[in-house]
Amino acid sequence: MKTAVLLAVWLALGPTSLSADPLACLGPGCPAGFNLISVSDPGRYGVLIAAPDTGCRRVRFRVQMADGDLLGLTPPLEPGELAVVRFTRQFAPGDHALTIAADGCDTRPAATRRVTLTKTGPDHGWRAAG
């Protein structure tokens, strides 16, 4: 009887507690959205991308504008490696929708972070912490 009640509760709660994995791959290259927030016209930006620790022996990520224009590529990354994709173009202040997709393996980046390049002030970001 106790097992039947527990099974009934588990089945009742199952659909709500078994949500989809947010890192699930949807399509070739597993494209993922990235929102770049630019704070000034002359600012130069990049994105720090971390390869997942498992799943792919080597993966290369490409960063594109929403319209498909290529902004840059990482070198081939092994599990857990990091790379910065430096953008040569400048972005007007505001939000810019980008897409990050994998080449060579269907996976998403383990982590992404905006990087401000050519800063004149002290660096309190990810580089200073390393």
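Modeller: What follows covers the disulfide, then a further cysteine, then an aromatic pair. The model is predicted. The count of disulfides comes to one. Cysteine 56 and cysteine 105 are its two partners, with 1.7 Å from S to S. The torsion about their S-S bond is about -65 degrees, so the disulfide is left-handed. It links distant parts of the chain, as its two cysteines are 49 residues apart. Cysteine 56 sits in the loop between β2 (44–50) and β3 (60–65), and cysteine 105 in the loop between β6 (94–103) and β7 (111–117). Both cysteine 56 and cysteine 105 are buried.

Cysteine 25 belongs to the loop between α1 (2–17) and β1 (32–38). Cysteine 25 has a relative accessible area of 36%, which lies between the limits of 20% and 50%, so cysteine 25 is partly exposed. Setting aside neighbours within four places in sequence, cysteine 25 is in contact with Cys30 and Asp106. Aspartate 106 is 81 residues from cysteine 25 in sequence, yet the C-alpha to C-alpha separation of the two is 6.9 Å.

As for aromatic side chains, a search of the whole structure finds one aromatic pair. Phenylalanine 87 and phenylalanine 91 form that pair, at 5.8 Å centre to centre. Their planes are 70 degrees apart, and the arrangement is edge-to-face. Buried means under 20% relative accessible area. Phenylalanine 87 has 2%, so phenylalanine 87 is buried. With 1%, phenylalanine 91 is buried too.

How values were computed: Residues numbered from 1 in each chain as written. Predicted model: local features only at pLDDT ≥ 70, side-chain atom pairs only at ≥ 80, totals over all residues. Heavy atoms only, no water. Disulfide = S-S within 2.5 Å. Helix = DSSP H or I, 4+ residues; strand = E, 2+ residues; numbered from the N terminus. Buried < 20%, exposed > 50% of the residue type's maximum accessible area, 1.4 Å probe, protein only. Phe/Tyr/Trp six-rings, centres within 6.5 Å; stacked < 30°, edge-to-face > 60°. Contact = heavy atoms within 4.5 Å.
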